[in-house]
Amino acid sequence: MRNKLAILSALALFVFCIYSCGDRQEKSVTIASADDLNKKDEMITDPVLYEIRDMEARAKKDSVIDRTVGLRLLRAYQTYYNQHPEDSLGKVFLFEAARVADAMGKYDKAIELLGNYHDGIADKNKKAEAAYLVAFIYDAHLKNEKKAIDYYNKVIQLYPDSPWAEQAKSALHLVGKSDEELLKFLKEKNNQPS
């Protein structure tokens, strides 16, 4: 009798363990994958990725990013990248984090994230874009002419064949100019025969 009771108890414990440790994916949320952001048939099990998609959906509803949503999205992007630094989606999120930081006026954070993105990717055109954006932030937002000029020149020197080098050359002519000087420059440029 004791053997039967011990066997039944062990069997009940085994069945309990099997059911309680089952596949948790049925609670996942259907959402876009990294390969095809419009595809809705892949399951997300990563809670950070779920939060990113949720915050992105909230941010898309507004024309101006809500501070709370922006901060949560910025933190989630960084967390995902820190957990998956070699993942291509993690690198995309690092770039997106820089864009969110820029949109929220967190320019130093945007510069830091763009520097990390630049150093973490192999694609030269994307590296050039990141470097250009750093120069642009120094120029347009922080009004730091010296650093803006330095970074625009780095883009030209390091990535001479990229379209960003052409943009940097054009931007160098405008660094430090007042609004009136910019208008005058644009008028003169438009009046020149091609």
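Accessible areas here come from the Shrake-Rupley method with a 1.4 Å probe, and for residues only the protein chains shown count as cover. On that basis, the accessible surface of the protein comes to about 13,400 Å², with 53% of it belonging to carbon and sulfur atoms. The model is a predicted one, so to speak of local features takes a pLDDT of at least 70, side-chain atom pairs count only at pLDDT 80 or more, and totals for chains, interfaces and linings use all residues. Residues are numbered from 1 along each chain as its sequence is written, and side-chain values use heavy atoms, with hydrogens and water left out.

As for the overall makeup, the protein has nine helices and two strands (DSSP runs numbered from the N terminus, H or I of at least four residues for helices, E of at least two for strands). Of its 194 residues, 31% are buried, meaning under 20% relative accessible area with a 1.4 Å probe, protein chains only.

Now to one helix pair. Helix 4 (residues 88-103) packs against helix 5 (residues 107-120) at an angle of about 160°, and their axes lie 8 Å apart (axes are lines fitted to C-alpha atoms over the stretch in contact, and angles run from 0 to 180 degrees between N-to-C directions). The two are therefore roughly antiparallel, a label for angles over 145 degrees. On the helix 4 side, residues including L94, F95 and A98 meet a helix 5 set that includes L113, L114 and Y117, where contact means heavy atoms within 4.5 Å. By class, this contact has ten nonpolar, two polar and three charged residues (Ala, Val, Leu, Ile, Met, Phe, Trp, Tyr, Cys and Pro are nonpolar, Asp, Glu, Lys and Arg charged, and the others, Gly among them, polar).

Notes. Angles under 35 degrees count as roughly parallel, over 145 as roughly antiparallel, 65 to 115 as roughly perpendicular and the rest as oblique. Buried means under 20% relative accessible area, exposed over 50%, partly exposed in between (1.4 Å probe, protein chains only).
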